[in-house]
Amino acid sequence: MSVARRALPKWADIVLLPLINIALAFIVVGVIVALLGVDPFHALKLLVLGAVGSPESIGYTLYYATNFAFTGLAVAVAFHAGLFNIGGEGQAYLGGLGCGLAILALDKYLPAWAMIPVAIAAAALFGAAWAAVPAWLQAWRGSHIVITTIMFNFVASALMVYLMVNVLIAPGSMTPQSRGFGSSGFLPILMGSTLNASILLAIACCVGVWVFLWHTSWGYALRTMGHNPAAAIYAGTNLRRMTMLAMCLSGALAGFVGVNELMGVQHRIMLDFQAGYGFAGIAVALMGRNHPLGVALAALLFGALQQGGAELAFDIPQITREMVVVIQGLVILFSGALEHLPRPWLQALLARRS
Amino acid sequence: MGDWSSIVFLMSAATLRVATPLILCAMGGLFSEKSGIIDVGLEGKMLMAAFFSAATASVTGSAWAGVGAGIVAAEVMALLHGFACITHRGNQVVSGVALNILAAGLTVVLGNAWFKQGGQTPALPSESRLLPLFFPNAGDNALVYVGLVAVPFTWWLIGRTRFGLRLRAVGEMPLAVDAAGISVAWLRYRAVLLCGLFAGLAGSYLAIAQNAGFSRDMTAGQGFIALAAIIFGKWRPFPAFGACLMFGLLDAVAIRLQGLKVPGIGEVPVQLFQALPYLLTMFLLAGFIGRAVAPKAVGVPYVKEH
């Protein structure tokens, strides 16, 4: 198996194979679209136009991409440590709660230059804390992190519904939303009506994760743990602490979805603002091969799909926005679970030519 | 006295009603997990089955055609999972997550394209639903009894047959099974197909017995609660059944307590009851209530030596 894997040249492994996997996913999407009675190429044209056809739509695309970058990085960091964090959904939810609570508590007292960093730190802290519990359970009690992070998504959801309906709801409001934030808790808008300064935070996170993973000793230890835990122990790494570090970083990154959504656009705490981004982060990380640059590119693609898909659903009634969810599922299936599917064909093809 | 017994009767009926999809789904998941294939995709299988059973029942007018379609839909998902995890040795958790997301999207896309009701299927008339058999106010339709029979059946098949012995072996040590000349892949495929069968029944139950049609995301985490029940039952059929009943009871109690003030405590938040199955499972996994040990080879793809 490992011998067979080495048979592919590196460029084919890193570039060609992922592209084939993604192409397979999109071919299946095309077939589904055609079965719904829509010309897939017409749909593709509308989708591209909807995603990048005007400054307003580009703004939306980048705004969605910001969320995908945060959750994609979150999954990627955990992956490098050999941990599968499926809890991005809950960590993003709690991150939003953290920055929201900080702003609701302090927006009357702090000016924007102080309020914004405090709120961002609160988002990171809450997201990290929500990831720290499953991490602790994995590191000290041996519970499987996949199961515990899934469970914590549901606990987060129940907790948020309780808080929004019973505690944080604005007086006199019929919908479960908090009061609006004071303007010191708003992130500056960069473009259109939604693209805000958190995209700068996302870019900084991509660079930061790259520096951390490949240019610091902690990052090296983290990746060693992911590749070979026994070697990491031999090298003197404390696996428990490294598990905590990886998951807390991962949770903090996911928590930044709250910054983009609540401080950037909604300007209040509300329910389900994070819906789907945590799971989509798995697709983003798989597609981006867990590298920050790849994650950034994949996030852009998913942002474009999200925005283009919404426009497409507006133009063609047979297609709904959930088509984007189908694409996400297929991308995870083909570039994750079935990643080895085209490998034998590719090997045969390349072997014949050389 | 009569009053109390009727409350107890209604409460047990309500518990069983809520627990049935969990029981069916958990028994399905047990086969898969016992054979060494993690199934995080129970939720997606159930959702797909719910959609196709409701859609079929709505078009044909026959509840049993709906159940059949639900099973077929879940089996297709199960085969995809098997193809990815057994044939191509892909990551089982990734595959499960993919199938869940795929189901969440595809059911709404297809529902909207076919029925144009925002992803729902049309409300089913009572003749194309599964109706109570003996007690009209207890909701004891045929699938509830199927669920009750499924538990001893699973226990017997896993614990008392040659197939079950091999199934357990393949989940603990596939190499030994392979060395004995038995196909690991074929055994695991059969386990995954059994899982699809029960998840299909569970999904059909949701759409055409408990409710009158499909609505988006109608499984609402029940596949994961079933998974929690398997872990809570330590991968054994009867304890898992008990966990399902307990989680069902929690749900039934939560519905009854909604908005009621309990003396001394005040209003109990419903959300606490919704989170309890997950919290309890986490406590169990943390080793605070006994120890849950998964089949040894669960999650590990089997690579045949050449």
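## Before you start

This is a predicted model, in which local features need pLDDT of at least 70 and side-chain atom pairs count only at pLDDT 80 or more, while totals for chains, interfaces and linings use all residues. Residues are numbered from 1 along each chain as its sequence is written, and chains are lettered from A and ligands numbered from 1 in the order in which they are written.

## Chain B as a whole

Let's begin with the overall build. Chain B has 11 helices and 2 strands; helices (H or I, at least four residues) and strands (E, at least two) are DSSP runs, numbered from the N terminus. Along the sequence, the pattern reads α-α-α-α-α-α-α-α-α-α-β-β-α.

The C-alpha atoms of chain B fill a box of roughly 65 × 50 × 30 Å along the principal axes. Of the 306 residues in chain B, 55% count as buried. A residue is buried if 20 or more other C-beta atoms lie within 10 Å of its own, exposed if 12 or fewer, and partly exposed in between, with C-beta atoms placed from the backbone.

Among contacts in chain B between residues at least 6 apart in sequence, 75% join residues at least 24 apart. Here, two residues are in contact if their C-beta atoms, placed from the backbone, lie within 7 Å.

## Where the chains meet

Now for the partner: 37 residues of chain B are in contact with 38 residues of chain A. On the chain B side, the elements giving two or more residues are α3 (63–87), α4 (92–115), α9 (222–232) and α11 of chain B. The most come from α4(B), with 14 residues. By class, this side of chain B has 24 nonpolar, 12 polar and 1 charged; Ala, Val, Leu, Ile, Met, Phe, Trp, Tyr, Cys and Pro count as nonpolar, Asp, Glu, Lys and Arg as charged, and the others, Gly among them, as polar.

How do α7 of chain A and α11 of chain B cross? The axes of α7(A) (residues 145–167) and α11(B) (residues 270–285) come within 9 Å and cross at roughly 155°, so α7(A) is roughly antiparallel to α11(B). Axes are lines fitted to C-alpha atoms, for helices over the stretch in contact, and angles run from 0 to 180 degrees between N-to-C directions. Angles under 35 degrees count as roughly parallel, over 145 as roughly antiparallel, 65 to 115 as roughly perpendicular and the rest as oblique.

Residues of α7(A), including A:M151, A:F154 and A:Y162, meet residues of α11(B), among them B:Y278, B:L279 and B:M282. The contact of these two helices has 13 nonpolar, 4 polar and no charged residues.

A:V259 sits in helix α11 (residues 239–266) of chain A and is buried, because 31 C-beta neighbours lie inside 10 Å. Beyond neighbours within four places in sequence, the contacts of A:V259 include A:C99, A:I120 and A:L201.

Most residues other than glycine have a negative phi. A:H267, however, has a positive phi near 60°; A:H267 lies in the loop between α11 and α12 (277–287) of chain A and is buried, with 20 C-beta neighbours inside 10 Å. B:K234 has a positive phi of about 55°. B:K234 is in the loop between α9 and α10 (237–257) of chain B and is partly exposed, with 15 other C-beta atoms within 10 Å.
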